[in-house]
Amino acid sequence: MKDLIRAQIYQILRTRVYFWVLIACLALAVLFGVSEYLNGADDLDEGMLLTASDFFTRCGMIATLFLGFSGFFVSFFTGDDFKDKTANYELMSGRLRKQSFVARVTVTVVFNILLGSLMMVLPLTLYSLLTGWGNSIPVSAAVTRILLMAFPFFRQICFYILLTYIIKRPGYAFLACYGYMCILTLLPAQADPTGAVLAFTSIQNLLHFDYWATFGLERDAQVIYDPNIDTALAVRIIISSLAAGAAYLWAAYSYFHKDDIE
Amino acid sequence: MDSIKNIDLVIIALMPLCSVLLWALANYAEKVMSSRWRICWLVPAFLTAILTYLAGFEKLMLPAYIAAAVFVIGLAKPEKKPRKIASVTAAVLGLTALPLCTLVGGYRTPDLVKNFNNGFNKMKAHYVLSEEKEIDWDALYAKYLPQFEEAEKAHDKVRNEIVWAKFCAEFHDLHVNYITDEETNKAAKKCAGGNDYGLVITKLADGSFAAVQVDDSLKAKGIHNGTPVISWNGISPAEADKQSELYEMQNYADEDNAKFYEGFFAAGTGGETAELVYTDDDGVQQTITLPKLNDDYYSRCKDAYETINQGLNVGHMTVTKLNDTTACLRIKTMSFDSISEKDDHAAMQKEIRENILALKEQGVRDIVIDIRENNGGSGSMVKAIAQLFAPEGEHYYVTDAYWDDTSHCYKSEGGGKWKTDHDIVFDGENILGDEGRIIVLVTAHSVSAADHITKLMSGFDNTTIIGFTESSGSAQGVTPTDLDLGMFSFSSSLMLNKDGSVFIDSGTDYQSGIEVDIKVPYNNQALTALFDDGKDYLMDYSLEYLAELER
């Protein structure tokens with residue numbers, strides 16, 4: 001199994017296109033931050049600089065970007081070996097299907113969760129260097145939410161893995177993942193206070209801050225964010241993400257276990 | 001029985017439909033050697049996830065959601081038997097959701113207790129008049145939580161609305177409001193108002209009570225508008241008033257205004273009949289038992305309220321000539337248009353200036369600014385209007401409170417004083433000239449920015465504030481917040497006097513810092529003019545006042 005994992009990592013590191021897509025992905029995350037910085041935010045007054053903590057209260061776009069890019073990485077990491085029959089050769093050379101599956105899933109899940117976290121952290125770090133952290137929310141609140149984001153990311157990655165194992169063609173699998181994400185963003189969804197319906201709604205809840213505004217007749221409006229996250233919501237998100245992710249992986253493995261890999 | 005949302009119906013219908021299709025497919029798929037058919041057992045779960053995303057999660061739909069997941073067994077176990085068992089189980093589970101949603105209460109209704117807790121906690125954290133009014137949050141919570149629990153137990157949105165209104169009224173601040181939607185709000189007022197027996201009781205300036213808005217059926221019995229009322233169901237109208245839930249729902253920021261409406265809700269209390277003691281036209285005390293006409297006292301009461309309070313029935317921000325020397329500027333709400341807020345209402349100010357100057361050329365000398373039932377709005381608009389009419393020289397309006405950006409709060413300096421930021425001042429234009437007089441007409445529901453203009457202009461030498469009551473006395477900045485069910489708003493931004501004390505709003509003394517110059521007596525003469533002759537008594541009074549004014 002360790003050999004398989006090592007082989008996967010080696011293959012990823014040696015594939016140049018992954019590197020460029022990764023760079024593009026991180027660059028887009030940073031560019032999104034830069035565009036916010038240059039344009040300012042809607043509820044900031046002219047001349048006011050967006051601090052890192054301000055930026056974190058409005059960085060939902062980065063999570064959406066990640067969901068698109070992770071579709072690419074998941075479908076190619078897990079599906080590319082079907083195309084060139086590497087998966088078949090692995091099984092013919094005495095590896096178990098379980099080992100083949102677990103190795104790919106482990107590498108894919110770990111890489112993508114790290115990627116998601118990096119995409120969130122990188123623009124924040126840049127902002128901190130440019131304008132400081134600010135006082136909209138404390139650093140601990142951002143760290144907590146970024147850590148919690150790993151759970152819905154896991155759920156979504158597992159769903160993409162399931163799609164890839166069913167489709168078995170990385171290009172089509174990526175299209176399916178991307179199409180699924182686009183459909184969700186286009187549909188007029190209801191707010192999901194449970195945060196458990198889809199990974200997408202868990203992420204929305206985690207990146208949503210309750211806020212309050214005060215104003216004066218001739219004084220700038222002040223937005224006060226509530227940095228706390230409801231414990232029950234966090235627990236729901238963790239449990240639903242782990243349960244749904246496990247179910248997706250179980251379904252994916254069940255399919256792969258009896259699949260003719262043709 | 002609740003009606004089921006269409007998308008939930010589709011989810012429920014999907015389960016037996018998929019069950020039949022996948023049952024058939026289980027037979028076929030076993031014969032063909034392709035694993036691709038297995039994907040079909042994922043379809044119900046995928047569709048249900050998307051539909052739930054569209055409709056939102058509903059706990060009573062849980063069996064249908066589980067049913068969709070049960071189908072996935074067919075993907076993992078590609079044999080006929082487990083697939084057929086999955087199909088039957090899913091169909092049964094899916095259909096179970098139907099009676100659950102229709103027969104069990106609370107379908108797609110948010111938890112009313114949780115909703116209250118959310119609103120309560122937000123208000124406790126951000127209400128800016130807590131200190132001024134010495135709010136005992138624990139006592140309020142202990143009083144209202146059981147009432148919301150009762151509403152939740154019955155899944156009663158109307159009861160929820162009533163309890164919220166009673167809760168809001170505790171603050172004596174007209175900026176504290178809750179509304180689910182217009183329909184529920186009206187149903188709540190109707191429910192709380194009680195029965196209609198054919199009349200409304202109002203309190204006159206001398207403390208006596210009289211019937212108004214009298215139904216034709218009572219006129220035959222000798223009861224008409226102005227008939228003196230002695231008691232209602234054996235107690236005084238003021239006491240009977242307190243038995244009405246609609247009374248408990250009324251929010252007044254000033255005790256004087258609350259007293260004006262004493263008895264107003266009394267005539268909705270009672271059972272199938274109510275006993276009225278009144279004085280007939282010959283001065284003889286009579287007792288009569290009135291049968292209930294219907295269960296909608298609120299509508300009658302609302303009509304009476306509007307008769308007393310409605311302002312001049314012309315367009316918003318129109319300047320109407322009332323006679324040779326007087327015109328009326330009717331301001332129904334303190335907002336003009338979206339552009340005005342950005343240019344400090346300069347364009348609006350210019351428009352009014354042009355209208356007034358044109359009327360001045362026609363001989364108009366005085367202006368009545370009618371802000372009766374004005375529900376408030378922009379402070380910038382208040383400043384722009386006041387600037388036009390103010391005598392020349394600098395005038396003080398209000399002081400913005402200092403906001404500490406580090407601790408995210410206003411800074412109390414103790415003794416009811418707050419740290420100030422800066423004073424808002426402006427220069428008066430005196431558009432009417434030295435001869436011109438201004439009357440501002442107010443009611444108890446001239447709120448917020450209408451309170452601002454009342455307070456501000458009451459300091460002008462050329463202005464007289466007139467009303468049956470004072471304006472509302474609620475003048476802080478307000479922020480609305482969406483709850484799971486309904487919208488809740490309350491005072492969130494501090495407005496101060498120059499010395500750092502709270503601008504206008506009442507404290508524990510239940511007296512706002514706003515007064516009218518002339519409190520017009522609400523007497524029999526006013527009552528007859530309003531309810532029998534259909535006249536605008538306050539406006540007529542103002543015109544008479546201007547005509548007799550020595551200049």
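1. Of the 262 residues of chain A, 39% count as buried, a residue being buried if 20 or more other C-beta atoms, placed from the backbone, lie within 10 Å of its own. This is a predicted model, in which local features need pLDDT of at least 70, side-chain atom pairs count only at pLDDT 80 or more, and totals for chains, interfaces and linings use all residues. Residues are numbered from 1 along each chain as its sequence is written, and chains are lettered from A in the order in which they are written.

2. Chain A contains 10 helices and 2 strands; these are DSSP runs numbered from the N terminus, helices being H or I with at least four residues and strands E with at least two. The order from the N terminus is α-α-α-α-α-α-α-α-α-β-β-α.

3. Helix H9 (residues 199–206) of chain A is largely enclosed by the rest of the structure, because 7 of its 8 residues are buried. Among them are A:Phe200, A:Ile203 and A:Leu206. The buried residues of H9(A) pack against helices H4 (60–83), H7 (139–167), H8 (170–186) and H10 (231–257) of chain A, together with helix H2 (43–55) of chain B.

4. In chain B, strands E2 (residues 200–203) and E3 (residues 209–212) pair in the antiparallel sense over 4 bridges, pairing requiring at least two DSSP bridges. B:Lys203 has B:Phe209 as its bridge partner in E3(B). The two strands form a hairpin with 5 residues between them, and B:Gly207 in the turn has a positive phi of about 95°.

5. From E2(B), B:Val200 and B:Thr202 point one way and B:Ile201 and B:Lys203 the other, yet all are buried.

How values were computed:
A residue is buried if 20 or more other C-beta atoms lie within 10 Å of its own, exposed if 12 or fewer, and partly exposed in between; C-beta atoms are placed from the backbone. Two residues are in contact if their C-beta atoms, placed from the backbone, lie within 7 Å.
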